[in-house]
Every structure is written in structure tokens, then in C-alpha cells.
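Dear colleague,

Please find below the structure that I am handing over to you. My notes on what was found follow directly after it.

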Amino acid sequence: MKFNYIKSTSAFFALILLVCLPDQAMGQGAGSVRFDASVYNVFETDGSVTVTVNRERGNSGAVSVEYNVLDGTATSGADYEGLSGIITWADGEEGGKSITIDILNDASLEEQENVLISLSNPQGGLSVGQLRETSIIIDGAESGSLGFARNSFITSEGDRYVEIMVTRGLGATGAVLVDYEVLGGGNLSEAQIGGVRHSRRLPESEDYPDIIQSTFVPGKKASPNDDFEPTEGTLFFRDNEMSKLFQIDLVRNNDGEAYPFTMAEMVLSNVRAADGEPENIQPVLNPDLSSATLRINDVVGGPATDLIWEQDIWPDSTEPAHRRVGFRFGRARYRVSEGDDDFKRGKIESQADRDEGLGEIEIAVYRSYPLDESVEVGYMVGPNRGFLVDDARENWVNEAAKPIPWTGDPAATGDDWNTGTKYLELPGDEPRISPNALSTRFFRFGDLLQGMHSRQSLPQILLSPGSDLPTPSGDRVYTPSFYNSYSNGPVMRDFHVVTGTLTWEAEDLEPKLIPIQIVNDTQTEFSEDMIVVLYIKDNEMEGAARDEEVDLSVGDGGGDGDGDGDGDGDGDGDGDGD
């Protein structure tokens, strides 16, 4: 075989020239594009990442390239937000163009996840270089978003102190710190503070209109030393620790200047990693929960609360014996444990066994004025209806519907009104407390048409952060608990529902007690919250709750304040519904 060396060599160089010419030609024309990095690393707490695409080796003519954002192990809408699109360069323009991908800090603790971005479909003579694909690596070792457990808290000056919970969500990696401070109410607006709406019905006379009147009494701005002890400090969260508490000591107010309540502002600031933690520990403040309010109910009263109604028509009396003071609790919160008895040792044989318990707590209630007359107030303990939870009557009987709304007549039986179906198509007689009334501020305690169930002056959520709802005793087997599953069999019960009436004779100043029996069960549970509500049985104020015309020595023609008149339905006179 004859081999032509010269021709073979020429063919080799021709082949090399054929391969290299296009790259040389592009370098002198429209150019090429590529990512400036093959991998971008980001933490979930960073919020976003910027990816750069470079045009190089030429800038002749207007060019464009498409970029495509695709799920890797990360999921669009859950872990990141970013859309595919087109990048353009003008004639003579070169250099980098940016693509921004938003990183979502979700609530899950996750391994590393990735997002893929690729370049395609170059136009205008442009070509795509070797780095045509890149990956965004999202590190899921989040150190958390810190904030108050809710944006509003409530307590009473009679509680002596209140504990405020700060939570850590969206991850809990590493040890972190956050500062807290109670500022008082100086920065709060009137809308943020709110107030109490009082109601009354004037004496039965031709001289007065026979309507229920109302007036608004605004809350006051809380002040350090006057309403609470100055409070500030730093909370330390250990690795994987999700919540912390700090305490505010309360100051009792005896002159009535704090009526109906004072409002303080609490703020978090300077969230940071603890000393010695790695750089990826970057906690953040939750912008929606970095501040919160604390409502401190006034329960002592004083001279400043005497004149709720100062109108020309039937103003309140300045006579101490006829002050307008309503029924009230001495404290806003009580704590009790189930205790230790046979239930803890597993000696449970029937539903009746579950409904028996040894624990009991007594709730003190103080009377309304005037002192020279007998007075009464209704009370109910719940939650006791809704979600097929038990009736809230002493007789525990599901009666037929009444033809008219319930008005407080103790002889009346049955459900709300005759609409053909039960209220909200759920069982339960009056009085009642819906479980939703504890866990959200948008629910009344019960019926829409019952004044005794109103909570218009109480926007705060009543359920403590992290608490569950207890299950009352009775025949039905369902539970309002957030954590215990629905069951067709017997369920553990937590307390005995109590409803009734408290009565004071004239000149009786002693508090009356509401006994509540706590059921000791064998189930491991979260802390559980129940609520006690006072209400005027004559919620239309047509009887004993109506103002009475009396002969007062001061001669101001004032009312005697014998009803609480706050219109919130709890009968305590402060309008807070609790």
C-alpha cells in the first residue's frame, strides 16, 4: 500500500482548521454566554440568591438567551420562587446579567435541596458556552425565626405576674439569643389600645327613653412602675429549643385610674447567634410578631371608675354606696394539676370511672353594687358545646327547640329557637361556650342573638400559647381537643361542666365561689385551658339589671349602678367577657 504523507498531513490540518474556525469567528462577533459559577450556595434564611449570566468574547449585535428554572430536589412554591425567562444584551453590550431566585424559609427541617437553571435557544448569533447549567444548593439547617407566640396577651392586675412566651419557628439549629423589653403604652395608637363598651337601660319612667344606651370607655396606656415593674432582658435558646418564657411583675392600681384596663407594648430586638456558633447560624426576627401588646385588666376599681355615665340625662352618682361597679373575678388565670389517684394507676373500668375525679378548683367572684340590694349573676364553664360536645345545663338534657331566644328564665328548657334545625346544626342547650371562642377572637362565646355571649370588648385570644382544649364530661364521646383524634368509643374526660347562679343578699360583701371538679385521667396531654364566663341573666336589662330611680342625698339625680351595664354579657362590669 502506498501512503501519501503530505496529503494526509494536509487533511489533518484541514480538519483542525474546520473545528476551530467557528469558535474564532464567534469570538470576533456576537459572543457567547455562560453562568459565572457552576454552584450557588444559600441558606433558607438568606431570602434570595442572585445568579449571574455573562456575555463574553464578543458584543456585536443585539442578542438573547432563554433561561429555564427547574425543580431539582427543591419544590417551586414551597422552597423557592423563580420563573423562567429571557435575558437580552444590546448591540455593543457585554458583561453580566442577573437572575434573582427567592428562597422560601419554610417550617420544615430539611436536608440540602437544589434548584436547576439552564441556558438554551441563543439568538442573534450568540452561542452558549460550557457553563450552560448551574445549581442552587439550599441549606436547610435553619436557625429559626423568633417572635412572640401571638400579637396580644391578656392578664389581670390581681394575677401579680404574667408569663410571656417567645417562640422559635422555621428551624431551631444552633444556640441563639434575642433581647426583650416592655415599653409601656406610649407608642400605641387608640385603635391598638381599644376599650370597653358599657350598656344600660334607664329607669322605667315616662321621663326616659326605654332603650339600651351604650358608651365607650377607652383603655389607658400602661406605664412602668405604675402598672408593671420595668422589665427587660435577653432570652437564650439552646440548640433545638423552640420556646422561652419571661415574666412581667404587675402593680395593683387602687385609685381607678387604670380602669377598664391598661395596655403595654412588648418588643423583641437584636436577634443573634450565641458566641461560638458557626457562620450559618443566622436567626431572624419574625416581622409580624416582633412586637405584641399586653392588656392588664383593672379589677380593684376606685374613685376614677365611679362616673362611667356623665351625660346630662341620668348621670352616674358620686355617692360611694351607689357606685357603678360590676361583678368581677379577682384573677384572670388560675392553674391546677390533675393530681395523683387511682386514675393515674390505671384503675379505670367504665365511662363512669372516667367521669369521677378528685381534683377541684374554686373560682372567686365579687359582687356588683349597690350594696344595699340583693344581686345575682349567672356563670358557665366551658368549652361545653359545638363539635358534638356535651350540653351546658345542670340537667344535661337535650330538649326540643324553644320558640323564642333564651332570655335567662331558669324555667325555660330546650335549644335556641325554632328554626327547624338546631343552632349551627349542633346540639347543646343554653348557656353554652363554643370551643372556637377560646382559640380565635372572631367567635362569640355562643349564639349571635344572645347578649350574654358577646365579646365585642375582648379581641384578645384566650387560649394560652401551646395549650389544648379540655374535654368535658357527659354522654357524648367526641372531644374539642386539637390533638386527640375523634373516636366512636369512650374518651378521657378532663372536667365537669358547671353552670348556675351566684346570689348575694344585701350588704353581703364576701366573694362567692364557683367549684369546678377536675377529672384525673391516665392520658399524657398538653396543658389544657377551660374558661369561666359570668353573664347577666337579664341580658335585656328589663328587670333587676335596669337602673333604678332612687333618692340620693347628693341631689345629682344619678343612677344606682345596680347592673354591670357593660354589654359584654359576662356581668363583671369591665366589658372583657372573661
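**Salt bridges**

Arg546 forms a salt bridge with Asp210, and the closest N and O atoms of the two are 3.4 Å apart. Arg546 lies in the segment after strand E28 (531-535), whereas Asp210 lies in the loop between strand E15 (195-201) and strand E16 (212-218), so the pair ties together parts that are 336 residues apart in sequence. Please bear in mind throughout that this is a predicted model.

Are these two partners buried or exposed? Arg546 has a relative accessible area of 9% and is therefore buried, since buried means under 20%. Asp210, at 53% relative accessibility, counts as exposed because the limit for that word is over 50%. The pair also belongs to a network of salt bridges that links Arg201, Asp210 and Arg546.

How many salt bridges does the structure hold? There are seven.

Another one of the salt bridges joins Arg34 to Glu56, with 2.7 Å between the closest N and O atoms. This pair links distant parts of the chain: Arg34 is in strand E1 (residues 32-35) and Glu56 is in strand E3 (residues 48-56), 22 residues apart. Arg34 counts as partly exposed because its relative accessibility is 27%, and Glu56 counts as partly exposed because its value is 22%. A further salt bridge is the one in which the side chains of Glu241 and Lys244 meet, at 3.4 Å from N to O.

**Aromatic rings**

A pair of aromatic rings is described by the distance of the centres and the angle of the planes. How many aromatic pairs does a search of the whole structure find? The search finds five. One of them is formed by Phe148 and Phe153, an edge-to-face pair with 6.5 Å from centre to centre and 70° between the planes. Both Phe148 and Phe153 are buried.

Phe327 and Trp504 form an aromatic pair as well, this one tilted, with centres 5.6 Å apart and planes at 35°. The pair links distant parts of the chain, with Phe327 in the loop between strand E22 (291-297) and strand E23 (328-329) and Trp504 in strand E26 (residues 499-504), 177 residues apart. Phe327 and Trp504 are both buried.

Which residues form one aromatic cluster? They are Phe148, Phe153, Tyr180 and Phe246.

**Charges over rings**

The charged end of Arg295 sits over the ring of Phe261, 4.1 Å from the ring centre. Likewise, the charged end of Arg331 sits over the ring of Tyr334, at 4.2 Å from its centre.

With a relative accessible area of 32%, Ile313 is partly exposed. Which residues does Ile313 touch, not counting residues up to four places away in sequence? They are Arg200, Leu202, Tyr208 and Pro209. Of these, Tyr208 is 105 residues from Ile313 in sequence, yet the two are 8.2 Å apart in space, C-alpha to C-alpha.

With kind regards

Note on methods:
Residues are numbered from 1 along each chain as its sequence is written. This is a predicted model: local features need pLDDT of at least 70, side-chain atom pairs count only at pLDDT 80 or more; totals for chains, interfaces and linings use all residues. Side-chain values use heavy atoms; hydrogens and water are left out. Rings of Phe, Tyr and Trp (its six-membered ring) pair if their centres lie within 6.5 Å; planes under 30 degrees apart count as stacked, over 60 as edge-to-face and the rest as tilted. Buried means under 20% relative accessible area, exposed over 50%, partly exposed in between (1.4 Å probe, protein chains only). Helices (H or I, at least four residues) and strands (E, at least two) are DSSP runs, numbered from the N terminus. A charge sits over a ring if NZ of Lys or CZ of Arg is within 6 Å of the ring centre and within 35 degrees of the ring normal. Contact means heavy atoms within 4.5 Å. A salt bridge is a side-chain nitrogen of Lys or Arg within 4 Å of a carboxyl oxygen of Asp or Glu.
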